[in-house]
Amino acid sequence: VQESLILGIETSCDETAAAIVRNGKEILSNIVNSQIDIHQQFGGVVPEVASRKHIENIAGVVHRAFSEAQLAYSAIDAVAVTNRPGLVGALLVGVSFAKAFAYALEKPLIAVNHLHGHIYANFLEHRDIEFPAICLVVSGGHTSLLLMSNPNKMEVLGETRDDAAGEAFDKVARFLGLGYPGGPAIQEAATKGKAGQLQLPRVFLDRNDFEFSFSGLKTAAMNQWNKLQRRGQANVFDMAAEFQAALVEVLVEKSIKAAAKYQVRTIMMAGGVAANQELRNLMKKRTKEAGLKLFYPSLKLCTDNAAMVAANAHYHYGNRSFAPLSLNAYPSLLS
Ligand code: KG4
């Protein structure tokens, strides 16, 4: 693959991020400006507020990416930007900025699928990933199992029918009064409780496909919580532990089943929920038992960042797969 020095830009949700990456592997700078503090006040991401914050921050974040990498703007080979999926108003800020930047510098523009970006975060830290691989992408907006035959080819095996894994964490955490973002809050509460003290369903675990559903789990958790509260038996720590266990078990067992079905020896995890310690632990245990290799990014590269965007763009650059200056942003779309 061709040598590349790429500026990545990411504004799909509530992080304004820019990074410069060499050859899809070497991070020269990775700036993430999180808006979590602002959205915390509302208990979740407010799309218009996110867009406005991106508008304020984007130029400064890109500038910092260049100064930390000690590079002139003209040193880069291409400008890559997440253009799908995500909050459209938020994506448009990154897309507009990237277009203007690429146009002014006369460099090619590369469009990146946010989910592919999450997966490519693995390539920034691991050199020994073997293909084919099963990828479990679990974030605030998505839950998908993919079969990756090589760095350029991915096929969706299954997705969530309703809520994404991270969304379920966030909604249940809000319901339990644990705050936002819900994943880390539930993980923390679960360490003080015990799974199995109450029972929640492992939704779709018995099915032979690779679809997921977390809305039913969320509703079951809410109903049980209300019932336990009426009886004066509600323990938020046990509820957090059982909810996390129910969700994680389904993610892990489906991934292992997919590896067996497609005779794959490697599993990769990606996305914000891949930061979950219980998910990492159970996946480690089950892949070891099954003789599979497991990869996941460090905590910093699991959640939204632009290094992953530049890492994915490296492969588009090699294929000369460039985007026109009429590029648009899209709320959903997998490929
Ligand atoms: O990948 P990400 O930063 O943004 C999206 O692309 O969606 O993922 C954010 C999601 C949130 O739903 C958050 O609650 C979840 O990832 N998350 C976690 C953990 N850390 C972040 N979920 C479970 N356990 C965690 N430790």
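Let's start at the ligand. Of the 21 residues around it, His114, Gly140, Asp170, Gly272 and Asn276 come nearest. Here, a residue is near a molecule if one of its heavy atoms lies within 4 Å of it.

Some ground rules. This is a predicted model, where local features need pLDDT of at least 70 and side-chain atom pairs count only at pLDDT 80 or more, while totals for chains, interfaces and linings use all residues. Residues are numbered from 1 along each chain as its sequence is written, and side-chain values use heavy atoms, with hydrogens and water left out.

A polar side-chain atom of Asp170 sits 2.7 Å from a ligand oxygen. For His114, a polar side-chain atom is 2.8 Å from an oxygen atom of the ligand. Asn276 has a side-chain N or O atom 2.9 Å from a nitrogen atom of the ligand. On its own, the ligand has 550 Å² of accessible area, and the protein covers 89% of that. Those areas come from the Shrake-Rupley method with a 1.4 Å probe.

Stay with His114. It belongs to helix 4, residues 114–125. Helices are DSSP runs of H or I, at least four residues; strands are runs of E, at least two; both are numbered from the N terminus. Is His114 buried or exposed? His114 is buried, because its relative accessible area is 5%. The cut-offs: buried is under 20%, exposed is over 50%, and partly exposed is in between, with a 1.4 Å probe and protein chains only.

His114 also has polar contacts within the protein. Its side chain joins that of Glu10 at 3.0 Å and that of Ser12 at 3.4 Å. A polar contact is a pair of N or O atoms within 3.5 Å; within protein, one must be able to donate a hydrogen and the other to accept it, and residues adjacent in sequence count only if both atoms are side-chain atoms.

Next, helix 8, residues 236–261.

Look at the two ends. At the start, a side-chain oxygen of Asn235 reaches to within 2.8 Å of the backbone nitrogen of Phe237. Asn235 itself is in the loop between helix 7 and helix 8. It is partly exposed, at 32% relative accessible area. After the helix comes Gln263, with a positive phi near 50°.

Now the largest nonpolar core. It has 52 residues, and Ile134, Leu200, Phe243 and Leu247 touch the most other members. Elements giving two or more residues include strand 6, strand 7, helix 5 and helix 8. Helix 8 gives the largest share, 13 residues. Such a core is a set of buried Ala, Val, Leu, Ile, Met, Phe, Trp, Tyr and Cys residues joined through side-chain atoms within 4.5 Å.

Last stop, Thr143 in strand 7. Thr143 counts as buried, at 1% relative accessibility. A polar atom of its side chain lies 2.7 Å from the backbone nitrogen of Ala165. Beyond four places in sequence, its contacts include Val137, Phe212 and Leu251. Contact means heavy atoms within 4.5 Å.

Note on methods. Expected span 1.5 Å × (residues − 1).
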